[in-house]
Amino acid sequence: MEIADRDEVHPKIIEALLKTDAGLSSDDALENEMILNMGPQHPATHGVLRLVLRLDGETVIACVPELGYLHRGYEKMAENMSYYEFIPHTDRLDYLAPLCNNVAWVLAVEKLAGIQAPPRAQYIRMLISELSRIASHLIAVGSMAMDVGALTVFLWTIREREKILDIWDIICGARFTNSYTRIGGVANDMQPEAKAKVQWFINQFDENLEECEKLLNANRIFIDRLEGVGVISGEDALDLGLTGPSLRGSGVDYDIRRYQPYLFYNEMDFKIPTYTEGDCLARYFVRIDEMRESAKIVKQILDKIPQGDVQANQPKKVLPKKHEVYSKMEELIHDFMIVNFGINPPDGEVYHAVENPKGELGFYFVSKGEGHPWKCKIRSPSFNNLQSVPHLVKGYMVSDVVAIIGSIDPVMGEADK
Amino acid sequence: MMYDFFVDLFGNEIIAAILSGVPPLLFILVFVLFAVWLERKVSAHMQDRLGPMRTGWHGYLQTIADLIKLIQKEDILAAANDKPLFNLAPVLVFAGTYAAFAAIPFSSYYIGSNIDLGIFFIIGISGLVVAGILMAGWSSNNKYSMLGAMRAAAQIISYEIPTILVVLTVVMITRTLNLHTLSEMQTGYIWNWMIFGGPTVGWQKFSLIPLMFIGFLVIYMSTLAEVNRTPFDIPEAESELVSGYHTEYSGMKFAMFFLAEYANMYAVSAIVTALFLGGYQSPIGYFGNLVDVPWLIPIEQFLWFTIKGTFFVFVQMWLRWTLPRLRVDQLMALCWKYLIPIAFVNLIIVGLITVL
């Protein structure tokens, strides 16, 4: 395949985009089409998304998203570092739900290396995944409300998320970029006070979520702004590779937790909220309902979580505990080998996907039996979801564009990788 | 009257005319300092925050600190700006707002110019604001500014229609355009305010009360749109158009827009107050009358007027931090499909009642 470089491709993109002069002045007084460059620095594009819009008045005729302003080459970086070393980098993918990414990465590696984490570790992983789902959806709902102009809701949802960050602080010692999971388990056990704090959070969460909802659900302006905006049918959504709440808003109940259960999701009792309208409002409702379901799962986890180890007993693959490294020969050797040469999983390919707040996050590895993957592909939900933006915004107005981006809820750290 | 007082003092009409412009300007400056602080506090307390707390007691010096910062900032002029228009626009916007203050009766003695066409003058001179905003949007040579300016022009002009229709409704009852006279007619107690039917008596008064309430709501909504506040803040919708028509402005020119916005908020609240809520009249009688100190009365009137106006400014802030903003087409639909027909029907019914 011929590889085109950026210098060749970029002018072509721009040419295809613009076709007409982008300036404000125009010789023909009746010429009313305008190219509007939204982003990469724009308050409503959730980071560095750039949309080139072709407008007729305020109506969008065409839209081309341009990605890559936050590209850090994570897939290539993964080829040059061991499986352990990459865990902190997964935090920086979807930075609103870092723990979900941690879990996704270690699950994929464990599938490749054939490691089974002990049940308590798996329950803790499930717990932190659901908490980060709530945190991420809170931001999604808040920023969506902010995009349509309701600023107060954002601060209220941030307040709730702050409590989750405090919980993360107790569980793993970091509030934001957690890097908590390890191959074969989690870094450290969950303390009783963390459990108590989670219990407290879940008990008061419903009430506070209702408070935020009250400001939006009964608000005529909010409903008018979102209803019937950015409609996408279930088939189109599947064709465009939408996953997560954006897909479930279109009536497809695809949720990896249900369809390919990982961890102990098959033992959990939860519903998959779906709406059939496929508009921004449906996507908003899906997120609200999902938060409730996540809270329900967290309650069940707190009831069912067993006692026991949080790291698998596989010395050649799983990093030993630090105090053992300092006191025992065997552990010192294993630590040295794992840190220097990696865990050397067998040859093969593996793809493992989890249900992230934004959609399906999958890691695909090709292993050649070395400490680092020969090839790593990240299937990030935001990247695929953004594919639908040109389809969604066509025919709507500039004000709707921000609502649609908000309802898709992209995180550019993940989309640009 | 302020003007007569200055004429008596200096014996020169030109000096008196210039001087009688000073008190409204002082009022605007002080009010804006207060209103910006209030806006921050209102938004903060609605959002479970404290807002500014460090500069002065509960941050009341924060606005002054901001003002000093804005004065020190570089005045950025982009190469592509249309410089004369770009420089003129903020002045024009502020001038339009400031001129409106000329005819606002703060109290029976504190009125910049007691002209007979008071309310008409205010509505007319506010049109300067549209021109200034359009100039700002055009001369910035920025597409977001342009879109914002276009939205602003369409919005302000559309929403002037229901405003004028409601003003006409009131004028039909009072038979005067002079805001001072209009306020004087609502003297006495709270039931003499225009919202309760004004100085009319008998069955007319009772039939006017619901109509006046409708008129009050219509004019309040449309004035909200005229000053570009949420839910009608689409010209400067920060999540869509960055900052709308003042995206390209910095330093003192930006401060001028800011000043004009807050002054405008008070101006429209003052109009609503003067038309419907008794203007500067006290709802419960005057302390000055009670203790027989006549010079207290104008001061009390000024206080009442400020309190009423500030209350409506507070409601504007309250709405801003609660509601999302409408889309352009929804905004126009609200104006043309709902407010204007309602205002028209209201006008006709009130007309019939006043004729009978």
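**Notebook: chains A and B, and a helix pair**

I began with the contact between the chains (heavy atoms within 4.5 Å), which takes 27 residues from chain B and 36 residues from chain A. This is a predicted model, where local features need pLDDT of at least 70, side-chain atom pairs count only at pLDDT 80 or more, and totals for chains, interfaces and linings use all residues. Residues are numbered from 1 along each chain as its sequence is written, and side-chain values use heavy atoms, with hydrogens and water left out.

Next I looked up the area. Chain B and chain A bury about 2,700 Å² between them, 59% of it on carbon and sulfur atoms; this is the accessible area (1.4 Å probe) that the two parts lose on being put together, summed over both.

Then I asked how many salt bridges the rule finds across the interface of chain B and chain A. It finds two, counting a side-chain nitrogen of Lys or Arg within 4 Å of a carboxyl oxygen of Asp or Glu. I noted a salt bridge between the side chains of B:Arg327 and A:Asp400, at 2.9 Å, N to O.

My last page is on two helices (DSSP runs of H or I, at least four residues). In chain B, H3 (residues 22–46) and H5 (residues 83–101) pack at about 115°, with axes 9 Å apart; the axes are lines fitted to C-alpha atoms over the stretch in contact, and angles run from 0 to 180 degrees between N-to-C directions. I found B:Phe94, B:Tyr98 and B:Phe101 of H5(B) meeting residues of H3(B), including B:Val22 and B:Phe27.

Note on methods: Chains lettered and ligands numbered in written order.
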